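I opened this model to look up its charge pairs, ring pairs and nonpolar cores. My entries follow in the order I made them.

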Amino acid sequence: MAKAKQLIDIYEHDSGLFDARGDIAPGREHYYYTKGAYELAANNTAEAEALFRKAIRYGYASDGYSGLLEIYRRKGNIDSVAHFSYQYEAAQDSLHHAMQIDAIHRYAALYNYSHSEKVAQDAIEQALRARSLAVMLLACLLCGILLSFYVFYQGKKKKRAAFQKLQDELSVVKMEKMNAVEELSSLKSKDYKGLAQKKEEKIRELNLHIEKLSHGISRQGGHGAADQLKRSKIVSVFHKKDASQGAIATPTVAEWDLLETQARQEIPGIFNFLCKDGLLSPLELHVCLLILMDFPDSSIVSLTNSSAQTVSKAKARANDKLFKEKGARTLRINLKQKLHSRR
């Protein structure tokens, strides 16, 4: 009892859990029953009874009523013993019921956790399968893109080789023609009529050959490149914007840059002519490119987000800078002739 008293004093004075009235912090009210048991053991029944009743008020009915039952059993008060026996039994039933409910809740929580764990595991496995499928599809797509680039590169390489072959052959034929012309002039000066006629026939054949080769080169190189530019994806974007209505009809800065890059690759001769010495303003350059792509004036007005008067002035300035001609009317003809002359 002395040791219990010592521990009670330390707990109540040094723990910091009690307020000025001697009430313990919330959640620790079972202490009232513990101290009541000490007071009952010390035969301080009044203090013990007060503490037991206080424990009952804070929800510890089973312990509190067992303490009161013991007090009145010692007092020999039969009525109170019968009363608190009934209260103690009811509190025990309630406690037992609460314990059963808690056990049910625990089992239910365990089941829900196991079920949730299985659902989560299934979701993880499904996500892994989806990721594997996505990786496989991406790999197939990359292989397809690389194969397409390879086929495109090989085709372009063959086309360049054929184009170069035609140019080399044209150079040889032109050189042969020049030699034949020189020989013809020499023969005419010596009045070798028969030989002169043969050389004239040879020159006509060479002219036909030159014309044939030039036609082939124009199809593969110069004007064909312009047609290839017209069929490019970026030009199709401009056609779609021209056909649309509203704000999206105006190309972005990036789309204009792509058009310039494509033109620099496909028709380098005419593009360098347009960009020479930086004579043209951005608007004038864009107007000339759209003309080369066969866009009508109404479409040029829409695509450059300008008025018809502004576009007409830009055409006139470009025509003056490039071809030294006044007015906008002949710019389209001049650009087309320049394009054909640079085959």
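**Backbone and exposure**

Asn-43 is exposed, at a relative accessible area of 58%; buried means under 20% relative accessible area, exposed over 50%, partly exposed in between (1.4 Å probe, protein chains only). This is a predicted model, in which local features need pLDDT of at least 70 and side-chain atom pairs count only at pLDDT 80 or more, while totals for chains, interfaces and linings use all residues. Residues are numbered from 1 along each chain as its sequence is written, and side-chain values use heavy atoms, with hydrogens and water left out.

I placed Asn-43 in the loop between α2 and α3; helices (H or I, at least four residues) and strands (E, at least two) are DSSP runs numbered from the N terminus. Its phi is near 65°, a positive value in a residue other than glycine. I noted a positive phi for Asp-294 as well, near 70°. Asp-294 sits in the loop between α11 (282–292) and α12 (297–303) and is partly exposed, at 40%.

**Aromatic pairs**

I looked up ring pairs next. Rings of Phe, Tyr and Trp (its six-membered ring) pair if their centres lie within 6.5 Å; planes under 30 degrees apart count as stacked, over 60 as edge-to-face and the rest as tilted. By this rule I have nine aromatic pairs. Phe-18 and Tyr-31 make an edge-to-face pair, with 5.6 Å between centres and 70° between planes. Phe-18 is in the loop between α1 (2–14) and α2 (31–41) and Tyr-31 is in helix α2, so this pair ties together parts 13 residues apart in sequence. Phe-18 and Tyr-31 are both buried.

For Tyr-32 and Tyr-58 I found centres 5.8 Å apart and planes at 35°, so that pair is tilted. Tyr-32 belongs to helix α2 and Tyr-58 to the loop between α3 (45–57) and α4 (61–75), so the parts tied together are 26 residues apart in sequence. Tyr-32 is buried at 3% relative accessibility, whereas Tyr-58 is partly exposed at 42%. I also noted that Tyr-11, Phe-18 and Tyr-31 form one aromatic cluster.

**Nonpolar cores**

A nonpolar core is a set of buried Ala, Val, Leu, Ile, Met, Phe, Trp, Tyr and Cys residues joined through side-chain atoms within 4.5 Å. Which members of the largest core touch the most others? Among its 34 residues, they are Ile-267, Leu-274 and Leu-335. Helix α11 gives the largest share of this core, seven residues. A second, separate core has 12 residues, including Leu-40, Ala-48, Leu-68 and Phe-84.

**Salt bridges**

I list 17 salt bridges, each a side-chain nitrogen of Lys or Arg within 4 Å of a carboxyl oxygen of Asp or Glu. One of them joins Lys-54 and Asp-23, whose closest N and O atoms are 2.6 Å apart. Lys-54 is in helix α3 and Asp-23 in the loop between α1 and α2, 31 residues apart. Lys-54 and Asp-23 are both buried.

Lys-118 and Asp-122 also form a salt bridge, at 3.2 Å from N to O. They are four residues apart in helix α5 (residues 78–190), about one helical turn. Lys-118 is exposed at 53%; Asp-122 is partly exposed at 36%.

My last entry is the bridge between Asp-227 and Lys-230, at 3.9 Å from N to O. Salt bridges that share partners join Asp-227, Lys-230, Asp-294 and Lys-336 into one network.
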